[in-house]
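The sequence and the structure come before the discussion.

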Amino acid sequence: MTERLERRKISNPPATPATRVLAETLAPWKLAFDNHRPEDMAELFSPDALFQGITPALLTGREEIFGYYDALAPGITTSFQVVQTRELAQNIIIGFAAVTFTYPDGRTVPVQLSLVLRREENTWLIAQYHVSSISRGEPSSTAAISAMMNPFWADRD
């Protein structure tokens, strides 16, 4: 495909209760991530959480999630923006967030994050977490088709 795709900018989603819950769940995640506190991060997940970070490993449960975050080098920080949310059931929220990881050398890695939150008693926990990387540069024809179908294709200029 020779024509360049128009990339959709991410706008602020409407302030719904589900959007607030997702943002309020990601705020302590960001704080714990930025301060390299893997034990605090693991506590944000349900005991039976399904997790796929930026690596291909599929993880289950807080202990494996702790190991993933503990292995990351200190000094990486994050920023996030909630893109969309849906309340699937009374105690289940699904959502998407645009996340950027910033390394101490200034390098940034934008990703798409998909989450399922489950309320257990009065606490919202992450029950499913999946990161998808975003390719940089001109999309290939396969990437171009994916980009047209991808609601998170953000303008990174």
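## Two residues with positive phi

Glu121 sits in the loop that links β5 and β6, in a model that is predicted. The phi angle of Glu121 is near 60°, which is a positive value in a residue that is not glycine. With a relative accessibility of 76%, Glu121 counts as exposed, because the cut-off for that class is over 50%.

A positive phi in a residue other than glycine is also found at His36, where the angle is near 50°. His36 belongs to the loop between α1 and α2, the latter spanning residues 38-43, and its relative accessibility of 25% places His36 in the partly exposed class.

## The largest nonpolar core

The largest nonpolar core comprises 30 residues, and those with the most contacts inside it are Trp29, Phe45, Phe51, Tyr69, Leu113 and Tyr129. At least two residues of this core come from each of α1 (17-34), β1 (45-52), α3 (61-71), β4 (92-102), β5 (108-120) and β6 (123-133). The element that gives the most is α1, with 7 residues.

## Contacts of Trp29 and Thr78

When neighbours within four places in sequence are left aside, Trp29 is in contact with Met41, Leu44, Tyr69, Thr78, Val99, Phe101 and Tyr129.

Thr78, one of these partners of Trp29, lies in strand β3, which covers residues 77-89. Its relative accessible area is 5%, so Thr78 is buried, the limit being under 20%. Again leaving aside neighbours within four places in sequence, Thr78 is in contact with Trp29, Lys30, Phe33, Asp34, Thr100 and Phe101.

Conventions
Residues numbered from 1 in each chain as written. Predicted model: local features only at pLDDT ≥ 70, side-chain atom pairs only at ≥ 80, totals over all residues. Heavy atoms only, no water. Helix = DSSP H or I, 4+ residues; strand = E, 2+ residues; numbered from the N terminus. Buried < 20%, exposed > 50% of the residue type's maximum accessible area, 1.4 Å probe, protein only. Contact = heavy atoms within 4.5 Å. Core = buried A, V, L, I, M, F, W, Y, C linked by side-chain atoms within 4.5 Å.
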